[in-house]
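Please look through the sequence and the structure shown here before reading on.

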Amino acid sequence: MIDQAIVHTEIALDDFLPIFVSSALVLVFGGVYVGIYTAVKVKFLKPWAMSIAYLFWLLTAYCLYVMGSLMHVGDFTAKALVVAAIGLFLLPFAVYYMQHQVHEENEH
Amino acid sequence: MANNHLTSESKQLATWYFTFAAILFGAQLLFGLVAAIQYVMPGFLYGLLDFSIARILHINALVVWMVFAMFGSVYWLLPDETGIETVGIKIGKLIYWVFVAAIVVVVLVFLFIQVGPADDTTIWFITEGREYIEAPRWADWGIVVVALTFVANLFLTGMKGNRSGIVTVLMADMIAFAGLYLAGMFFTDNISVDQYWWWWVIHLWVEATWEVFVGAIAAYGLITMIGAHRKVVEMWLWIEVAMLFGSGILGMGHHYFWIGTPEYWWEIGALFSALEPLPLVAMFVHVLYDWGKTQGAEAEKGNTRSVIKNKPAFTWFVLNAFGNFLGAGVWGFFHTLPQVNLYTHGTQFTSAHGHLAFFGAYATILVGMMYIAVQGTNGIKVLKNTKASIWAVSMISGGVMGMTVALTIAGYVQVLVSRAQMGATWAAYFDGQSGAWFTQAMDWRLIMGTITFLGFILLAKDLLTTGKNPVHER
Amino acid sequence: MANKSVWSDNRFWQRSATWVTGFASILLIWLTLDTSAQISMGNDEDLKNGVQKRVPGPTVINYKITYEMDAKRGHEVPVIGEKEKFFGRDDYSEEEAGALLHLGKLGEQAKNCMDCHTILGNGAYYAPDLTKAWIDPAWGPEGAMQALTGKNTKEEAMAEFLQHPDQYPTHARMMPDLGITAKEAKGLVAFLKHMSSIDTNGFPRNFGKMQGAVNGK
């Protein structure tokens with residue numbers, strides 16, 4: 001009776017609000033992270049602001065964790081969320097690296 | 001427009017498209033207001049113009065005005081990109097009038113005939129009754145002919161002239177755009193099969209081909225408005241295409257959770273939905289980055305002047321990057337995973353997401369293109385912000401944001417009362433609709449909708465009076 | 001000049017975009033083939049032999065349909081039970097039931113149902129979801145609608161309501177008279193009953209829980 005182990009999980013009534021708030025914040029914080037990163041790179045902000053950017057990424061990851069656990073996501077979705085968090089972390093690096101390369105090649 | 005600075009017939013045609021698009025935009029808002037009033041006062045126009053009809057007109061006007069503005073945008077940028085006049089422009093102009101006439105007929109039938117008996121004649125001549133693509137079957141075929149002519153114009157011009165990266169992306173994108181419409185043109189008794197293919201049109205249009213279209217237009221806009229480097233912008237466009245199609249095509253999975261389709265779509269939908277915001281974040285960064293770089297390069301030359309040649313258009317383009325991220329990204333993501341979508345599917349949450357996403361991702365950039373067209377038509381070197389343009393953009397975006405927040409609150413009430421507690425029955429539905437939070441939210445939605453509409457009037461005024469306004473540099 | 005990097009090569013990204021799009025499209029087409037097979041409509045034989053289809057054949061209208069928790073799948077699924085009369089008969093042939101469903105589906109489109117109601121959760125949000133309307137307790141023996149319409153069965157109450165919705169208001173937001181004929185109403189009810197038998201992976205959750213879910217057997 002291994003199949004019986006799949007328990008039917010329900011979202012608790014009180015958990016809906018934290019779920020909606022945390023999942024909205026995932027992208028808000030994520031956007032702030034990427035935004036600050038870019039702003040520092042194009043010199044709109046001083047370099048020390050970069051640590052704030054990473055702080056926002058941590059908040060993003062935390063919100064993803066809260067959201068995922070309150071929703072009782074399965075193993076697969078949990079992994080997908082981790083991939084998304086890492087993807088978001090790497091995204092601005094990749095974008096900036098590529099943009100920079102092209103600018104270097106074309107303007108010097 | 002008497003004193004016209006346009007030498008290209010393609011651009012001339014583009015202005016026709018933009019004009020009709022703007023009229024339909026107004027109609028969309030007007031019928032949206034009717035529907036919003038009906039939520040607050042259910043007796044309003046009952047039996048004359050019922051909610052269903054107001055809503056059909058609201059959402060179809062939305063889709064059609066966007067398609068018109070998209071076609072207009074392409075006709076506008078083709079001469080700039082390819083360096084030649086659009087091939088087959090005469091047919092393009094003829095088809096424009098065919099398209100307009102067909103739409104007028106469809107709208108009149110929706111308004112005055114509304115419904116028909118349950119037979120094929122109704123499906124062919126009155127309504128197909130499938131949300132967003134209610135247009136009767138004869139009009140479907142008309143749309144196919146119109147779209148094919150448009151695609152032919154685009155392809156012939158692209159192949160004859162200089163085929164830039166932007167034009168190449170548009171060519172590929174528009175053929176997918178036209179082809180996908182065919183997926184919505186058949187009848188089946190099986191509602192699950194019906195919904196399966198219906199999403200091919202709705203999702204693959206809105207979350208794949210339209211998004212890529214926006215990427216291409218944004219690329220063109222960045223080059224024309226702030227003089228961004230073409231090679232950078234075009235390379236970035238290809239990356240966006242890869243990201244958008246890579247996540248968007250299988251992102252379809254999030255519509256296949258509950259329509260009778262197998263459970264494996266839960267995993268597919270969850271995975272690709274989690275990835276879908278990434279290109280939106282990236283698009284946002286890209287605009288910021290290019291702006292910073294171009295302005296920075298000018299600053300190095302000792303030039304502190306703004307690099308922006310069209311202030312209102314640029315405002316709308318920035319709003320697009322932001323709105324796409326907020327509407328499609330944030331508002332999409334928080335109800336996309338199956339565990340929570342089970343409760344939010346088919347509530348006002350979807351409607352909140354729909355309002356902000358359509359506005360943020362598409363309306364903004366298309367209005368931006370209208371400003372670019374107004375600038376070109378009147379031969380203006382630097383188009384500045386005016387009082388009306390600032391008020392218009394603030395009222396429209398503030399109004400839409402207000403509606404979105406109100407609908408989100410309404411959706412939250414529905415999720416708690418109608419879904420989680422009472423299990424989605426008829427009684428549960430109306431209990432949810434009667435709560436104080438819900439009815440209050442609907443009042444606010446109407447207020448915010450009215451503000452949006454007033455903002456639109458200012459926008460129309462600003463676009464129409466730009467030609468005579470002396471503040472712009474010529 | 002900096003070294004040419006593959007990451008900043010336009011051709012590389014153009015090819016990547018093409019490959020990614022092609023790969024995603026092929027995957028979608030492959031999944032579509034699999035899903036299409038799984039959601040194709042069953043037939044009368046399947047129902048008689050107890051073969052479970054995600055979308056049963058139209059003759060499902062000859063049977064009682066309930067919505068019950070499946071411990072293995074962790075959510076509710078429609079259960080097709082014993083025979084049940086539908087407008088006084090439980091022996092609709094494949095052709096008869098198919099014709100009724102066809103009429104009902106045409107009616108659902110011709111009357112723009114989806115522009116007020118949701119169907120399988122898609123549509124407008126101005127009126128209740130119809131996915132499982134057939135098993136809504138409101139239309140059952142204990143519900144208000146049979147008494148309100150003066151009918152003794154669920155299907156007759158529904159058909160009566162559909163023909164004269166403005167005479168039976170359940171809320172300030174009334175359904176308008178859409179000129180639905182008696183024949184069309186019968187087709188629409190068959191469409192609703194058929195739809196309630198579709199396996200929607202547990203949507204909607206806890207349907208009718210508060211009123212006590214309808215028990216099949």
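The questions below go through the chains one at a time.

Author: This is a predicted model, in which local features need pLDDT of at least 70 and side-chain atom pairs count only at pLDDT 80 or more, while totals for chains, interfaces and linings use all residues. Residues are numbered from 1 along each chain as its sequence is written, and chains are lettered from A and ligands numbered from 1 in the order in which they are written.

Reader: Which pattern does chain A follow along the sequence?
Author: Helices (H or I, at least four residues) and strands (E, at least two) are DSSP runs, numbered from the N terminus. By that rule chain A has three helices and zero strands. Read along the sequence, the pattern of chain A is α-α-α.

Reader: What percentage of the residues of chain A count as buried?
Author: A residue is buried if 20 or more other C-beta atoms, placed from the backbone, lie within 10 Å of its own. Chain A has 108 residues, and the part of them that counts as buried is 38%.

Reader: Which element gives the most to the side of domain 1 of chain B that touches domain 2 of chain B?
Author: An automatic or database domain assignment supplies the domain bounds, and chain B is divided into domain 1 (9–162) and domain 2 (308–474). Two residues are in contact if their C-beta atoms, placed from the backbone, lie within 7 Å, and 19 residues of domain 1 of chain B are in contact with 18 residues of domain 2 of chain B. On the domain 1 side, α1 (9–40) and α2 (51–82) of chain B each supply at least two residues. The element that gives the most, with 14 residues, is α1(B).

Reader: Which element of chain C gives the most to the side that touches chain B?
Author: In this interface 72 residues of chain C are in contact with 64 residues of chain B. The elements giving two or more residues to the chain C side include α1 (10–39), α3 (94–110) and α6 (182–196) of chain C. With 14 residues, the element that gives the most is α1(C).

Reader: Which residue is the bridge partner of C:Tyr67 in β2(C)?
Author: Two strands pair if DSSP finds at least two bridges between them, and seven bridges join β1 (residues 63–70) of chain C to β2 (residues 75–83) of chain C, with the two strands running antiparallel. Their hairpin has four residues between the strands, and C:Gly74 takes a positive phi near 75° there. In β2(C), the bridge partner of C:Tyr67 is C:Pro78.

Conventions
Buried ≥ 20, exposed ≤ 12 C-beta atoms within 10 Å, placed from the backbone.
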